Amino acid sequence: MLSQPIQSSFQLPNGAEVIIETGKLARQADGAVTVRQGNCIILATVVANKDPKEGQDFFPLSVDYQEKFASAGRIPGSFFKREAKLNDYEVLTSRLIDRALRPLFPEDYLCDVQVLINLVSSDAEVMPDALACLAASAALAVSDIPIKEIISEVRIAKIDGEMVINPTRSQLEKAEMEFIIAATDKNLMMVEGEAKECSEEDLVNALQLAHDAIRVQIKVQQDLRNKKGITNKRDYKKPDADDAIQEKVYAFAKEKVYAISKSASAKHERTEAYSKLKDELIASLGEEVTDRDKKLAKKYYEDLKWEVVRNMILDDRTRLDGRKLDEIRPLAMEVEPLPSPHGSALFTRGETQSLTTVTLGTKLDELLIESAAKSEFSKFFLHYNFPPYSTGEIKMMRGPGRREVGHGNLAMRSLKQMMPGKDYAYTTRIVSDILESNGSSSMATVCAGSLALMDAGVPFPKHVSGVAMGLITRSNDGKYAILTDILGDEDHLGDMDFKVTGTRDGICGVQMDIKVDGLSMEVMREALNQAKKGRLHILDAMYNCIAEARPEVKPHTPRMEKLIIDKEFIGAVIGPGGKVIQEIQRETGTTINIEEVGNYGEVTIFSANKENLDKALNWVKGLVAVPQVGETYEGTVKGIKEFGAFVEFLPKKEGLLHISEISWKRLETMDGIFKEGDKVKVKLVGLDPRTGKFKLSRKALMPKPEHAKPQQPKDDSTN
């Protein structure tokens with residue numbers, strides 16, 4: 001007989017009910033739950049191997065979030081019509097969950113763990129990413145997989161001046177700040193989000209309110225676990241250890257590691273010195289040493305480096321490269337290092353370098369972003385590339401990985417805050433190629449992107465810069481050190497690493513991972529204020545490089561003209577089957593886009609050639625122009641008869657230039673007067689009441705000679 005499902009529930013501050021259920025679906029997984037809000041249902045499963053792989057010395061956790069298109073009653077748009085690899089949105093959601101879950105596992109737990117989260121039913125107003133980490137944590141909570149604590153994750157947004165927990169999709173469109181925050185009952189774990197220049201105090205306030213909401217969700221997970229009767233976690237095989245070898249390593253290498261760390265040498269020299277010392281350490285163990293002892297010695301050597309460098313920073317207030325704790329490495333930057341891109345910049349901070357380009361395109365270049373809930377086009381996107389040579393390594397080139405997607409997203413969200421609004425017609429693509437990396441390359445991307453946007457002539461009102469920070473703490477004496485502009489070697493040994501971007505007036509983006517227990521909000525405030533000083537220091541250098549956006553785009557950038565037309569003329573510009581607009585584009589070499597916006601049409605014309613742009617613009621203007629009696633037009637002779645010429649004075653609009661209206665001098669014949677294709681300036685003088693044709697005059701634009709006799713028009717009633 002099937003067991004009955006077990007449920008627990010809670011209410012969000014907005015009154016929406018969230019139900020967590022286990023025991024009904026995916027019962028062979030170690031842990032499985034569904035989380036439901038409205039019509040949104042997320043299925044999360046977790047499975048862990050009972051034993052680690054032989055010789056494994058790292059924790060292999062994999063987290064994959066995927067949205068099933070059937071959840072929204074849709075079929076994927078790919079050739080195979082099935083879900084393929086994770087899209088960027090799914091990768092970013094997976095990273096948010098991974099970063100929150102990873103610290104929950106014991107440090108000596110090395111078994112494979114796979115967490116799969118699927119959106120199986122979609123709700124147009126419910127943001128599933130805000131519930132996905134709750135689902136993953138609940139699946140772990142109802143399993144016997146060993147975790148130290150339960151967590152949850154919420155989105156908090158400031159909308160119309162009020163803080164809202166897990167806002168709806170419609171509400172989020174009006175948000176001026178938005179963060180996703182993960183935490184245990186006691187400690188914050190992860191923060192990521194964006195804001196329209198919020199203050200450091202606004203961020204701290206958001207963290208506190210989000211933490212209160214997370215505590216409610218943790219209690220519900222504990223209740224669900226208790227209802228299921230999970231009391232003991234499974235035993236697992238601990239990694240091999242040997243105290244005697246550890247003592248030998250520390251005795252041989254501790255002072256030498258300290259000397260290398262204290263030398264303030266460059267990364268390459270320091271890496272070589274550490275490597276040489278490791279070889280000397282292994283050699284000191286003697287010729288009879290086993291492979292097992294060598295492996296343990298190498299592990300303890302890495303542990304020793306971690307410990308020595310942390311203590312050096314805390315006790316000596318000295319960093320690996322000799323800088324002060326709040327000192328930023330030397331800056332170098334320039335705009336337009338590349339002549340052909342529409343905008344470019346080279347930004348260097350210490351041993352980190354980004355070469356960034358900006359390309360301005362048309363509406364046809366917009367990026368399609370597809371998820372289960374909706375498909376939409378984006379006119380602004382950023383791509384981040386991290387080739388292996390940037391760190392002096394050789395790796396297979398397999399396209400952007402999750403790290404590249406995450407770093408690029410942080411930079412994109414930060415720069416997006418200063419981008420012009422929807423009325424800006426250009427599609428804007430930023431590409432950051434990291435040429436060298438020892439420290440935060442995502443923050444270098446933000447700075448280089450800001451410089452390149454101004455170089456491209458994008459109306460970018462303020463520079464945005466970013467700085468990567470670190471925090472090292474020691475529990476036994478309460479010491480802590482906040483590091484500005486951290487090195488790559490400092491990144492992994494800290495208790496908190498965070499990146500803050502913004503303008504002189506506020507924060508635009510945040511990414512934060514916290515690994516220490518009991519981090520006080522006072523330390524958080526101090527870290528954010530130190531980050532602000534670093535951000536402002538970099539901004540001053542950026543403004544010295546280029547103070548404001550160029551007033552115009554570069555000569556080789558596609559020029560753009562926008563024309564608003566009456567809705568009734570859209571069909572005339574497009575023509576039957578697109579014939580007219582295709583002819584204009586073909587004849588002028590331009591790209592034209594027409595959108596129906598309310599009761600009018602918006603025509604946007606792009607061309608790198610001003611003459612072609614003007615030609616297309618005048619063509620469209622002619623198509624939508626209403627002929628005005630008394631106006632003068634430049635026309636083209638389309639046909640010649642014995643009684644006059646037919647002249648196209650506006651696109652697709654012809655009138656009769658009668659022989660009597662060509663000149664004040666009487667003409668007996670049309671022979672030799674015009675030929676087809678001739679240009680002629682005419683005045684619209686009226687409309688023939690019998691035929692409805694436009695009546696044109698050339699002589700009306702000529703001075704009337706004295707004693708001129710009026711000409712009697714020939715009878716053309718049959719025409």
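How much space lies in the largest cavity? About 50 Å³ lies there. This is a predicted model, in which local features need pLDDT of at least 70 and side-chain atom pairs count only at pLDDT 80 or more, while totals for chains, interfaces and linings use all residues. Residues are numbered from 1 along each chain as its sequence is written, and side-chain values use heavy atoms, with hydrogens and water left out.

**Cavities**

- Three cavities of 30 Å³ or more are found in a search of the whole structure.
- A cavity is a set of points, on a 1 Å grid over the protein atoms alone, where a 1.4 Å probe fits but cannot get out; lining residues have an atom within 4 Å of a point.
- A volume is the space filled by probe spheres set on the points, and grid points are joined across faces, edges and corners.
- The largest cavity is lined by N14, Q37, E125, V126, M127, A130, L131, N166, P167 and T168.
- Five nonpolar, four polar and one charged residues make up this lining. Ala, Val, Leu, Ile, Met, Phe, Trp, Tyr, Cys and Pro count as nonpolar, Asp, Glu, Lys and Arg as charged, and the others, Gly among them, as polar.

- Most residues other than glycine have a negative phi.
- N166 has a positive phi of about 45° although it is not a glycine. N166 sits in the loop between strand 8 (162-165) and helix 3 (169-172); helices (H or I, at least four residues) and strands (E, at least two) are DSSP runs, numbered from the N terminus.
- With a relative accessible area of 6%, N166 is buried. Buried means under 20% relative accessible area, exposed over 50%, and partly exposed in between (1.4 Å probe, protein chains only).
- E336, also not a glycine, has a positive phi of about 60°. The loop between strand 11 (331-335) and strand 12 (343-349) holds E336, which is partly exposed at 38% relative accessibility.

**Helix 13**

- Helix 13 covers residues 579-588, and its buried residues are V580, I581, I584 and T588. Seen down the helix axis, these buried residues fall within an arc of 100°, so they line one face of helix 13. The arc is that of the directions from the helix axis to the C-beta atoms.
- K579 and R586 are exposed on the other side of helix 13.
- The cover over the buried residues of helix 13 includes helix 12 (570-574), strand 23 (591-597) and helix 14 (610-624).

**Two buried threonines**

- T356 belongs to strand 13 (residues 352-361) and is buried, with a relative accessible area of 0%.
- The side chains of T356 and S354 are joined by a polar contact of 2.8 Å. A polar contact is a pair of N or O atoms within 3.5 Å; within protein, one must be able to donate a hydrogen and the other to accept it, and residues adjacent in sequence count only if both atoms are side-chain atoms.
- T445 is part of helix 9 (residues 441-455) and is also buried, with a relative accessible area of 0%. Its side chain reaches the backbone oxygen of S441 at 2.9 Å.
- Not counting residues up to four places away in sequence, T445 touches S354, L382, Y384, A411, S432 and I434; contact means heavy atoms within 4.5 Å.

Key
1 Å grid on protein atoms, 1.4 Å probe; cavity = no way out; pocket = protein on both sides within 12 Å on 5 of 7 lines; lining within 4 Å.
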